[in-house]
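Please work through the exercises below with the model open beside the text. Each task is followed by a solution that goes step by step.

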Amino acid sequence: MSNFRWVICALLFLATTINYMDRQVLSLTWKDFIAPEFHWSDADYGTITGWFSIFYAIANLFAGKFIDWMGTKKGYLIAIFVWSTGAVMHAGCGWVAMQVEGYDSIEALRLVQAGSDAAVAIATISVWLFLSCRMILALGEAGNFPAAIKVTAEYFPKKDRAFSTSIFNSGASVGALAAPATIPLLARAWGWEMAFIIIGVLGYVWMGLWMWLYEKPHKSKFVNQAELNYIEQDIDIAEVQNKQEAKEEKVIPFFDCFKYKQTWSFIVGKFMTDGVWWFFLFWAPAYFSDQYGYTSDSTMGILLILTLYAIVTVLSIGGGYLPTYFVEKKGMNPYLGRMRAMLIFACFPVLGLFAQPLGAYSAWWPAILIGLLGAGHQAWSANLFSTIGDMFPKSTIGTITGIGSMAGGVGSFLINKGSGNFFTWAESQGAAFSFFGFEGKPAAYMVVFCICAVAYLIGWCIMKTLVPKYKPIVVE
């Protein structure tokens with residue numbers, strides 16, 4: 001039997017890695033490189049990350065349907081072209097801000113007196129410029145997960161989908177791991193603009209690989225009959241006898257998707273938890289810079305972020321195997337095994353409660369504990385995505401993924417925009433604002449960590465209430 005399905009899985013992993021590296025460039029450069037030039041506050045950065053999440057959410061509402069309509073090959077190509085172009089465009093924001101505000105150099109922007117009307121004007125125009133680029137980035141990135149989940153359903157039988165999803169989904173943590181090891185150094189050596197350009201160009205390279213390697217399994221010259229039989233082992237006997245009927249599988253109309261509790265279960269799972277991952281993705285470098293003085297390009301700052309995402313990467317891959325263990329060794333059905341695994345992973349984020357208190361002893365404690373939280377999220381996310389393939393027909397997987405990802409984007413907007421404003425306010429209050437023994441901005445971080453810690457358990461309980469048993473949807 002050929003094993004080309006794992007080559008496809010590797011391509012999905014690579015695309016997701018590039019996706020998250022493009023997303024991370026801003027979080028790793030804004031505090032120490034971009035903010036001094038454009039006079040940004042935490043609230044300004046929160047505005048950019050928050051509205052990026054909303055753009056991403058809106059795009060996700062249509063991305064799944066777009067992928068279902070265009071097909072995975074063309075749809076994925078268009079998606080990565082758009083987000084790579086948006087990533088590269090960030091590099092021009094400084095030059096445009098100079099032209100609009102009438103300055104002759106970036107250094108002139110930096111030397112404007114902080115808090116002056118000129119500084120406010122520079123901050124405002126630059127925020128709008130970055131928001132425009134983030135909107136394009138979000139539009140393209142929204143297509144990644146609907147396309148990847150659809151490809152996984154095409155190339156893997158149900159029993160292997162959680163594991164294959166955990167592999168490509170680990171690209172998120174690998175991208176987040178590679179980013180701090182490269183992006184701050186690129187920014188320091190050649191400027192933050194080149195960091196956006198170099199990372200953005202990787203997407204164009206991936207497009208060439210995708211055009212060369214991808215076809216549907218029954219059309220691929222790299223997939224032999226034995227592998228095709230393995231991939232299609234879940235297809236009913238009636239469908240095997242009538243493959244044409246299988247190809248013409250009915251699609252659930254968009255608004256009819258909301259009639260099913262299975263859809264709402266996925267929506268709740270994404271809304272409650274995606275924002276937690278995005279919060280740490282966007283704010284972890286600033287957290288270590290604010291609280292411990294380790295800038296993103298310092299050796300200690302790089303090591304802390306590398307440690308955090310190394311933990312995420314190593315531990316999260318195993319998360320896809322746990323449901324397989326429950327199914328094959330314990331005899332559970334796929335949904336029950338997946339939900340049992342997700343309950344275990346929902347307990348990992350509770351460790352986030354101890355990150356801030358133990359940070360008083362060493363910055364390594366928050367790095368390790370947030371890493372464990374992130375590993376729990378990635379394992380949770382891989383299994384959450386796989387519940388779609390368990391419950392919905394293949395023809396609707398992209399649409400449901402897009403709907404749920406929109407809900408995740410809304411949750412991310414709330415936590416990122418809210419956190420930016422909250423941090424700015426808490427810093428201005430100083431000792432007047434306290435929480436669990438912390439004052440000012442450290443107290444605000446503690447509040448947000450507490451919210452993140454319990455979000456998964458709440459989400460799991462709601463999901464289990466909505467869909468207590470395995471109940472796949474059959475379209476008449």
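This is a predicted model: local features need pLDDT of at least 70, side-chain atom pairs count only at pLDDT 80 or more; totals for chains, interfaces and linings use all residues.

Residues are numbered from 1 along each chain as its sequence is written, and side-chain values use heavy atoms, with hydrogens and water left out.

**Exercise 1. Helix packing**

Determine how H1 and H6 are oriented to each other, and then treat H2 and H19 likewise.

Solution. Helices here are DSSP runs (H or I, at least four residues), numbered from the N terminus. Axes are lines fitted to C-alpha atoms over the stretch in contact, and angles between N-to-C directions run from 0 to 180 degrees. For helix H1 (residues 4-38) and helix H6 (residues 117-141), the angle is about 175 degrees and the axes are 12 Å apart. H1 is therefore roughly antiparallel to H6, a term that applies to angles over 145 degrees. Going on to the contact (heavy atoms within 4.5 Å), one finds residues of H1 including Asn19, Asp22, Arg23 and Leu26 meeting residues of H6, among them Ala119, Ile122, Phe130 and Arg134. This contact of H1 with H6 has eight nonpolar, two polar and five charged residues, where Ala, Val, Leu, Ile, Met, Phe, Trp, Tyr, Cys and Pro count as nonpolar, Asp, Glu, Lys and Arg as charged, and the others, Gly among them, as polar.

The axes of H2 and H19 come within 7 Å and cross at roughly 175 degrees, so H2 and H19 are roughly antiparallel to each other. Their contact has 11 nonpolar, 17 polar and five charged residues.

**Exercise 2. Cavities and a pocket**

Describe the linings of the largest cavity, the second largest cavity and the second largest pocket.

Solution. On a 1 Å grid over the protein atoms alone, a cavity is a set of points where a 1.4 Å probe fits but cannot get out, and a pocket is an open set with protein on both sides within 12 Å along at least five of seven lines; lining residues have an atom within 4 Å of a point. Five cavities of 30 Å³ or more are found in the whole structure.

The largest cavity holds about 120 Å³ of space, and of its 15 lining residues Tyr20, Phe145, Lys270, Asp274 and Trp278 lie nearest its centre. By class, this lining has seven nonpolar, five polar and three charged residues.

The second largest cavity, of about 80 Å³, is lined by residues including Gln262, Tyr335 and Met463, and the lining divides into seven nonpolar, three polar and no charged residues.

The second largest pocket has a volume of about 240 Å³, with 14 lining residues, of which Met272, Gly411, Leu414, Ile415 and Ile451 lie nearest its centre. H19 gives the largest share of this lining, six residues, and the classes are 10 nonpolar, four polar and no charged.

Definitions and conventions:
Grid points are joined across faces, edges and corners, and a volume is the space filled by probe spheres set on the points. Helices (H or I, at least four residues) and strands (E, at least two) are DSSP runs, numbered from the N terminus. Angles under 35 degrees count as roughly parallel, over 145 as roughly antiparallel, 65 to 115 as roughly perpendicular and the rest as oblique.
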